[in-house]
Amino acid sequence: MKFCKKYEEYMQVQKQKKNLPGVGFKKLKKVLKKCRRNHDGRPSSNMAFIDQQQQQQQHDDHNCPRGCTVCDGNFFPELLKEMEDVVGWFNENAQKLLELHLASAFTKCLTWFKGNGRKKSHLGLIQEGKDLVNYALINAVAIRKILKKYDKIHESRQGQLFKTQVQKMRIEILQSPWLCELMAFHINLKESKKESGAASVASPHPPVHALFDGCSLTFDDGKPLLSCELSDSVKVDIDLTCSICLDTVFDPIALTCGHIYCYMCACSAASVNVIDGLKTAELTEKCPLCREDGVYKGAVHLDELNILLKRSCREYWEERRKTERAERLQQAKEYWDYQCRSFTGI
């Protein structure tokens, strides 16, 4: 079965269950076919969201033999809007799922009574996580295929340039911190099952189905790497070494640019106290790696990853916990001493 038909059938089934966004794969292919039939020899207009420098370089190195004003006027803007909708829906629902998984028993009971009990049960959470993974994977493949087809028809690299640009704009679904959290969620489920031992063997419940195939946390020469093969052609590798302290991330947080740091390291880089938190960081503060500014206020705390690393590096975790506890207490003391002096005018 061709991918286009497979994708359309998948989205049709999913939309019967819930109203979720997708990539207009078939519609975009028609736009490309129209461009192939009706090229007029004029130079292609550039994508509005590529900066001026890239536009000039693309114009100088342009190797597309066809005019594609139809494509550039419809194809990229439509694809960009659809990608934003897909990533937004995925992030929102993955966040809700994982927050519920980590919620207290009282919160879970409230959710049970307010919502769908089947969906909010343990097995229901696992199935919903698997559905989210499948949704992310098939849309990632659809976007990659349609951009590859664009470049093939136009004999150009504009599709790859577009992909690079949306990665900078943080609307690439495989770069989502919530996908990283789902990966950690999956491994935590497997480890919990192993730790349950003989009790799980005697359990009358059906086996827990995997969210991912080939998902693992490995340590290469002491350096942690979270890896997952989503399919034969899609693999995600996430380096879990903090580029500030050069150690395994502790109390990890993902900035909006996608880079992961220890929480206290991120606070130090943003020039804020841990008491005030990253939400008080100035918009001019930049990511230590990519130097992008304004990346701290929307940072995501990776709680499932935190649990996974705590389980996998017990000795290191305990030692780091003691060290950070002392540092936090010291910062708290300095903070409140300063507040008292400011209040009393001493």
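1. In this predicted model, strands β4 (residues 252-254) and β6 run antiparallel and are joined by two bridges.

2. The β4 and β6 strands belong to an open sheet of three strands, ordered β5-β4-β6 and paired antiparallel. Its edges are β5 (260-262) and β6 (300-301), each of which pairs on one side only.

3. Eight aromatic pairs turn up in a search of the whole structure. In one of them, F250 and W317 are tilted, with 40° between the planes and 4.3 Å centre to centre. F250 is in the loop between β3 (235-239) and β4, while W317 is in helix α13 (residues 314-344), so the pair ties together parts 67 residues apart in sequence. Are these two residues buried or exposed? Both F250 and W317 are buried.

4. Two further features involve aromatic rings. F75, F76, Y150 and F162 make up one aromatic cluster. The ring of F3 has the charged end of K145 over it, 5.6 Å from the ring centre.

5. For the protein as a whole, the secondary structure amounts to 13 helices and six strands. Of its 346 residues, 42% count as buried. Among contacts with a separation of 6 or more, 67% are between residues 24 or more positions apart.

Note on methods
Residues are numbered from 1 along each chain as its sequence is written. This is a predicted model: local features need pLDDT of at least 70, side-chain atom pairs count only at pLDDT 80 or more; totals for chains, interfaces and linings use all residues. Side-chain values use heavy atoms; hydrogens and water are left out. Helices (H or I, at least four residues) and strands (E, at least two) are DSSP runs, numbered from the N terminus. Buried means under 20% relative accessible area, exposed over 50%, partly exposed in between (1.4 Å probe, protein chains only). Contact means heavy atoms within 4.5 Å. Two strands pair if DSSP finds at least two bridges between them. Rings of Phe, Tyr and Trp (its six-membered ring) pair if their centres lie within 6.5 Å; planes under 30 degrees apart count as stacked, over 60 as edge-to-face and the rest as tilted. A charge sits over a ring if NZ of Lys or CZ of Arg is within 6 Å of the ring centre and within 35 degrees of the ring normal.
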